[in-house]
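My entries follow the model below.

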Amino acid sequence: MTPRMTIVSPSGLPRFRPARLGGLAILPLAMSLAACSMDNPDGFAPSCPTVEVPGAAADLVAFNGASRDIGHMAVRASVTRVTGQCHAGSGHPAPVVAEISLGLNVTRGPGTGRTVEIPYFVAVVYGDEIKNKKQFVETVQFPANVTQMLTHARVVPITLPVSKRVTIDGYRLEVGLQLTKEQLDYNQTHLIAPTFHHM
């Protein structure tokens, strides 16, 4: 297995566009995706699809009640990175299995319990068409007297069928936090786009 990694760090809140290098997606935040051959470590490793985190879906801010005052914030979560690997699945032709995990920075607000749930999604896009979308919930358990923590969501396997006509280069994965309309509106009006620099 030969991992390939590029790290790009934002200065500010993560709003980003994808880039591509050697079959790997590069997010303008810390992100790594490695290609490996599971059955034969010395064999050919399949390419990984492009991964994109839509800017508006990189942050989730929830409030207690109707007030949008920071004192009434219930929880805030931000995507800090996307990590994972790709390998060939079973079958002929063998699909590509992308195993991905979100890195999260989670803050609980005043009056919020020590257990919070963060909803997120993974969408499979081929060309310009969404082929599949799945929603997940990551449960974050805070230690006593801790209000902010970095964590990783569990690894999610995504199977991508390929053939002579359907190639891995045609796929991309869109990953982000699952927002309500009110949360999306809040992000669009309150969060500021940053500048980025390479590390």
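Entry 1, a bridge partner. I looked up F121 and found that its bridge partner in β10 is Q135. Strand β9 covers residues 115-126 and pairs with β10 in the antiparallel sense, over twelve bridges. I noted the rule for pairing: DSSP has to find at least two bridges between two strands. Strands are DSSP runs of E with at least two residues, helices are runs of H or I with at least four, and both are numbered from the N terminus.

I am reading a predicted model, where local features need pLDDT of at least 70 and side-chain atom pairs count only at pLDDT 80 or more, while totals for chains, interfaces and linings use all residues. Residues are numbered from 1 along each chain as its sequence is written, and side-chain values use heavy atoms, with hydrogens and water left out.

I traced an open sheet of four strands in the order β5-β13-β9-β10, with mixed pairing. Its edge strands are β5 (50-52) and β10 (129-141), each of which pairs on one side only.

For accessibility, I took buried as under 20% relative accessible area, exposed as over 50%, and partly exposed as in between (1.4 Å probe, protein chains only).

R172 is in strand β13 (residues 171-177) and E52 in strand β5, so I recorded a link between distant parts of the chain, 120 residues apart. R172 counts as partly exposed because its relative accessibility is 25%.

E138 lies in strand β10 and R154 in the loop between β11 (148-152) and β12 (156-160), so the pair ties together parts 16 residues apart in sequence. Is E138 buried or exposed? At 11% relative accessibility, E138 counts as buried, whereas R154 is partly exposed at 43%.

K181 counts as exposed at 60% relative accessibility, and D185 as partly exposed at 32%. I also noted that salt bridges with shared partners join E52, R172 and E174 into one network.

Key
A salt bridge is a side-chain nitrogen of Lys or Arg within 4 Å of a carboxyl oxygen of Asp or Glu.
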